[in-house]
Amino acid sequence: MSPESKKLFNIIILGIAFMFIFTAFQTCGNVAQTVIRSLNSTDFHGSGYTSMAIIYGVFSASNLITPSVVAIVGPQLSMFASGLFYSMYIAVFIQPFPWSFYTASVFIGIAAAESDRRTVFIALTVISLVGTVLFFLIRKPDSENVLGEDESSDDQDLDINESPQSNMTKAVDAFKKSLKLCVTKEMLLLSITTAYTGLELTFFSGVYGTCIGAINKFGTEEKSLIGLSGIFIGIGEILGGSLFGLLSKNNRFGRNPVVLLGILVHFIAFYLIFLNMPGDAPIAPVEGTDSSAYIKPSKEIAIFCSFLLGLGDSCFNTQLLSILGFLYSEDSAPAFAVFKFVQSICAAVAFFYSNYLLLHWQLLVMVIFGFFGTVSFFTVEWEAAAIVARGSDYRSI
């Protein structure tokens, strides 16, 4: 197999593996609060919001040491271990106990009848495990022979004899780079935008589905609408990701118009959700809520807002990943570690306050962070574009 074919094969395997794992995990997260709320009438007492807060809290801390771990054990084993923890969390829902539920939530950071619930989560666990096992199919890429044969063989000997001390040095250097990046001007500005993506990630992946499932005026379809909502969020993500991912290669106008579109789409979604859903929907009891907002609850508006949430999220994420890849093209791992750290810690905070805040307050928090996050992204993009126009290499704004 040629080097190009091997790279393509690895990309396909990674795509399929992550598709399986995150299909299972995102589905689980989307229904977690609804399922757990239905179990609270039994001997089990827990909160899906608290579980997700633990996941993203531990995840945020882990992101700073992730480059160090990968430097020691390698990417393949790191992804395999992570897949096992994802699968373990999903498997807990088959027969949940509070201690195992929250313990699995820690490790992963590194509304039906019981038989139906077990069947669903057994299937999700199997899907996640299949994705995890696929990581073993990844093939090690051939090293490029840019040197002479003698020099190449010497390098191979050095790689083979590389000591654990050398790996530890790489790990420490990667950690130091992550810490230094945290205090640069551009990363501080982008952290506001990243914080917003963490808040809205919490909302569309956990809170919004719970709100839909809690509205009794949707009738007997309220629980099934949760799954439909997840599908339309995914459609919005796919449409935005493919469209703006392709356009980014030949975009004369930069990244700002896409981010502006994203925030406008989200503001429209937030306004419609504010009108359509009662304020107590995120924290409603197992019986649901009979309250109304400013209009009669509409299933069509609720599903349309799901699509808008997914589309807006794809606008922000594609452009954030693009600008990080541009600013830190020479050494991107620490930059993306900081990005995931900020996003995850804000998601954890949002899942925590979702246990207590009414819907309109959660929407207000996202509007404020969304506005300032958009302004900060514009600032970084304008200054980066000015540097490119001068023809100088990017170092630090």
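Q: How many salt bridges does the structure hold?
A: The structure holds 2 salt bridges, a salt bridge being a side-chain nitrogen of Lys or Arg within 4 Å of a carboxyl oxygen of Asp or Glu. This is a predicted model, in which local features need pLDDT of at least 70, side-chain atom pairs count only at pLDDT 80 or more, and totals for chains, interfaces and linings use all residues. Residues are numbered from 1 along each chain as its sequence is written, and side-chain values use heavy atoms, with hydrogens and water left out.

Q: What makes the pair Arg255 and Glu381 a salt bridge?
A: The side chains of Arg255 and Glu381 meet at 2.7 Å, N to O, and the cut-off is 4 Å, so the pair counts as a salt bridge.

Q: Why is Glu381 called buried?
A: Buried means under 20% relative accessible area, exposed over 50%, and partly exposed in between (1.4 Å probe, protein chains only). Glu381 has 7% relative accessibility, so Glu381 counts as buried. Arg255, at 14%, also counts as buried.

Q: What makes Lys185 and Glu383 a salt bridge?
A: Their side chains meet at 3.7 Å, N to O, and the limit is 4 Å. Lys185 counts as partly exposed at 43% relative accessibility, and Glu383 as partly exposed at 27%.

Q: Why are α8 and α10 called oblique to each other?
A: The two helices pack at an angle of about 40 degrees. Angles under 35 degrees count as roughly parallel, over 145 as roughly antiparallel, 65 to 115 as roughly perpendicular and the rest as oblique. Therefore α8 and α10 are oblique.

Notes: Axes fitted to C-alpha atoms, helices over the stretch in contact; angles between N-to-C directions. Helix = DSSP H or I, 4+ residues; strand = E, 2+ residues; numbered from the N terminus.
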